[in-house]
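The sequence and the structure are shown first.

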Amino acid sequence: MREVDELYTGSSMFRNGLNLYGLEKRTDRVFLVQYGGSDPAMNSLILENLIERGLVIKHFYVDMYAWAAARDPWPSDAILFFEAPFNMKLKIWDAMKQNKDADLLLAAWEMFMQSGNDMFIFWPIYSRLAARAYHKGGNLKSYYDVKPSGQKEAFPEIPEENFDIEINPAQRDAIIKIINLCRENNINLTFIETPKYLATHNSRKYQIVMKEYLDIMNEHNTNCIMSSYTLQKIHADKSDNVTSYDFELDNLDYFGDYVHLTAAGSVAFTNILTQIN
């Protein structure tokens with residue numbers, strides 16, 4: 001029987017935000033399954049597939065990435081579609097069809113015919129590069145360590161013209177599906193908000209989505225770990241299922257852009273995470 005103690009699933013927020021060597025200090029049976037831009041709908045299908053394939057998961061951690069939860073379901077990283085078994089491909093495709101604005105004919109060609117072709121062609125090179133760049137799914141060195149034009153000044157506040165944003169209904173259903181799958185399979189579950197640069201936390205749009213995310217956690221009595229600054233900005237009441245952390249949200253050494261941590265930032269956040277969780 002295959003078993004993992006801790007499985008982290010999400011987007012590049014986890015890939016750049018978690019240091020796997022730091023997590024291994026707690027258990028060596030820890031892995032990260034991540035795809036760029038992965039949203040709750042895709043994360044739910046990943047979890048469902050792993051359960052169906054017999055993986056025993058003690059603790060499942062999910063990325064609370066606001067912008068992914070606010071859009072229609074979509075495999076932003078085509079490699080997810082390429083690596084998925086055929087029955088999961090069909091489920092991903094069903095989720096994609098909910099996006100009324102998408103060119104599904106073009107998407108079908110890209111997903112069913114093109115995704116992963118470059119990996120086939122360049123596998124001897126890709127496999128060696130991947131082995132050097134990743135450890136158990138996490139980055140060894142962050143792409144975001146090199147800031148555009150040697151960024152040393154604070155990132156400006158995010159301009160906002162309106163606040164017309166919310167968690168997508170299909171993504172909400174997927175979040176609840178993850179909760180139910182974990183309860184049905186006796187899996188401990190925790191959602192995690194990774195640190196974002198201060199300007200992102202100050203964004204009213206970000207606050208609206210994270211408030212809605214927290215409401216779902218509270219409604220379903222689900223554990224989550226969130227920035228104390230986010231909780232302060234959304235005026236959250238104290239709750240037993242919510243654990244907060246403090247982080248230097250304006251430290252440019254820790255952030256490569258508005259939402260991604262550098263390697264130094266991931267080490268700092270992982271140290272905090274292993275202490276509070």
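Helix 10 passes helix 12 in a right-handed crossing, a term for a near helix turned clockwise from the far one by less than a right angle. The model is a predicted one, in which local features need pLDDT of at least 70 and side-chain atom pairs count only at pLDDT 80 or more, while totals for chains, interfaces and linings use all residues. Residues are numbered from 1 along each chain as its sequence is written, and side-chain values use heavy atoms, with hydrogens and water left out.

Helix 10 (residues 169-184) and helix 12 (residues 204-219) pack at an angle of about 35°, and their axes are 11 Å apart; axes are lines fitted to C-alpha atoms over the stretch in contact, and angles run from 0 to 180 degrees between N-to-C directions. Helices here are DSSP runs (H or I, at least four residues) numbered from the N terminus. From helix 10, Arg172, Ile175, Ile176 and Ile179 meet Glu212, Tyr213, Ile216, Met217 and Glu219 of helix 12, where contact means heavy atoms within 4.5 Å. Six nonpolar, no polar and three charged residues make up this contact of helix 10 with helix 12, with Ala, Val, Leu, Ile, Met, Phe, Trp, Tyr, Cys and Pro counted as nonpolar, Asp, Glu, Lys and Arg as charged, and the others, Gly among them, as polar.

Nine aromatic pairs are found in the whole structure, a pair being rings of Phe, Tyr and Trp (its six-membered ring) with centres within 6.5 Å, and planes under 30 degrees apart counting as stacked, over 60 as edge-to-face and the rest as tilted. The ring centres of Trp67 and Tyr206 lie 5.8 Å apart with the planes at 75°, so this pair is edge-to-face. Because Trp67 lies in helix 4 (residues 66-69) and Tyr206 in helix 12, the pair ties together parts that are 139 residues apart in sequence.

On a 1 Å grid over the protein atoms alone, a cavity is a set of points where a 1.4 Å probe fits but cannot get out, a pocket is an open set with protein on both sides within 12 Å along at least five of seven lines, and lining residues have an atom within 4 Å of a point. Grid points are joined across faces, edges and corners, and a volume is the space filled by probe spheres set on the points.

| Space | Volume | Most lining residues from |
|---|---|---|
| Largest cavity | about 40 Å³ | helix 3, four residues |
| Second largest pocket | about 200 Å³ | helix 3, three residues |

The largest cavity is lined by Leu45, Glu48, Asn49, Glu52, Asn87, Met88 and Lys91.

Conventions
Helix = DSSP H or I, 4+ residues; strand = E, 2+ residues; numbered from the N terminus.
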